[in-house]
Amino acid sequence: MLSFDYDAESVACTLQLKQTFFPGDPDWRIERGSALDQGYLHGLGRFDVVYSWGVLHHTGAMWSALENVSALVNKDGKLFVAIYNDQGKMSNVWRFVKRTYNRTPQMLRLRFCGLSARTLWRA
């Protein structure tokens with residue numbers, strides 16, 4: 001079994017869950033990786049089950065991420081994906097925020113997060 005996430009804190013959380021509930025499981029790999037990084041994904045192999053719950057639309061490139069993870073599914077495997085439903089105006093606001101964030105240079109992203117969070121909560 002393999003779990004991966006782009007966010008280092010999510011990876012750390014998953015490692016803690018494994019340590020707490022499945023400390024002796026040598027078959028559960030937990031890594032930091034991106035659904036948008038085709039080089040990383042190609043090195044993973046294929047799986048009988050690929051599962052993504054409320055994640056791919058957060059990449060800022062949902063269709064690319066979905067296409068990328070689809071390639072990880074064995075011929076007779078299953079792909080399970082959950083994507084949040086459209087919330088109208090707020091969905092449009094968050095789509096703008098996510099796309100802008102992903103287009104922001106890496107060194108400015110932390111600053112962007114602080115500004116956008118304050119701006120959004122005032123709205």
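## Pockets in the model

A pocket, as the word is used here, is an open set of points on a 1 Å grid over the protein atoms alone, with protein on both sides within 12 Å along at least five of seven lines, and its lining residues have an atom within 4 Å of a point. Its volume is the space filled by probe spheres set on the points, which are joined across faces, edges and corners. Rolling a probe the size of a water molecule over the atoms shows where empty space is left. The structure is a predicted model, in which local features need pLDDT of at least 70 and side-chain atom pairs count only at pLDDT 80 or more, while totals for chains, interfaces and linings use all residues. Residues are numbered from 1 along each chain as its sequence is written, and side-chain values use heavy atoms, with hydrogens and water left out.

The largest pocket holds about 1,500 Å³ of space, and 45 residues line this pocket, with Phe4, Asp5, Tyr6, Asp7 and Val55 lying nearest its centre. Its lining consists of 26 nonpolar, 12 polar and seven charged residues, where Ala, Val, Leu, Ile, Met, Phe, Trp, Tyr, Cys and Pro count as nonpolar, Asp, Glu, Lys and Arg as charged, and the others, Gly among them, as polar. At least two lining residues come from each of strand E1 (2-5), helix H1 (8-21), strand E2 (29-32), strand E3, helix H4 (89-103) and helix H5 (109-122), and the largest share, six residues, belongs to E3.

The second largest pocket has a volume of about 500 Å³ and is lined by 18 residues, of which His57, Met62, Ser91, Arg95 and Lys98 lie nearest its centre. Helix H3 (62-70) and H4 each supply at least two residues of this lining, and H4 gives the most, with seven residues. By class, the lining of the second largest pocket divides into seven nonpolar, six polar and five charged residues.

## The chain as a whole

The protein chain has five helices and four strands, and these follow the pattern β-α-β-α-β-α-β-α-α when read along the sequence. Helices (H or I, at least four residues) and strands (E, at least two) are DSSP runs, numbered from the N terminus. Taken along the principal axes, the box filled by the C-alpha atoms of the protein chain is roughly 45 × 30 × 25 Å.

Of the 123 residues in the protein chain, 27% are buried. Buried means under 20% relative accessible area, exposed over 50%, and partly exposed in between, using a 1.4 Å probe and protein chains only.

Val49, Tyr51, Trp53 and Phe80 make a nonpolar surface patch of about 510 Å². Patches are made of residues with over 30% relative accessible area and no salt bridge, with like charges joined within 9 Å and nonpolar side chains (Val, Leu, Ile, Met, Phe, Trp, Tyr) within 5 Å. The accessible areas come from the Shrake-Rupley method with a 1.4 Å probe, and for residues only the protein chains shown count as cover.

Strand E3 (residues 47-53) contributes the largest share of the patch, three residues. Trp53 lies in this strand and counts as exposed because its relative accessible area is 58%.

## One salt bridge

The structure holds one salt bridge, a term that stands for a side-chain nitrogen of Lys or Arg within 4 Å of a carboxyl oxygen of Asp or Glu. Arg29 forms this bridge with Glu31, and their closest N and O atoms are 3.1 Å apart. Side chains of opposite charge can pair when their charged atoms come close. Arg29 is partly exposed, at 38% relative accessibility, and Glu31 is also partly exposed, at 23%.

## Residues in the helices

Phe21 is in helix H1 and is exposed, at 56% relative accessibility; Phe21 and Ala35 are 14 residues apart in sequence and 26 Å apart in space, C-alpha to C-alpha. Val69, in helix H3, is buried, with a relative accessible area of 5%, and its C-alpha atom is separated by 8.7 Å from that of Leu36, 33 residues apart along the chain.

Arg95 belongs to helix H4 and is partly exposed, at 36% relative accessibility, while the C-alpha atoms of Arg95 and His57, 38 residues apart along the chain, are separated by 9.0 Å. Leu110, in helix H5, is exposed, with a relative accessible area of 73%.

Key: 1 Å grid on protein atoms, 1.4 Å probe; cavity = no way out; pocket = protein on both sides within 12 Å on 5 of 7 lines; lining within 4 Å.
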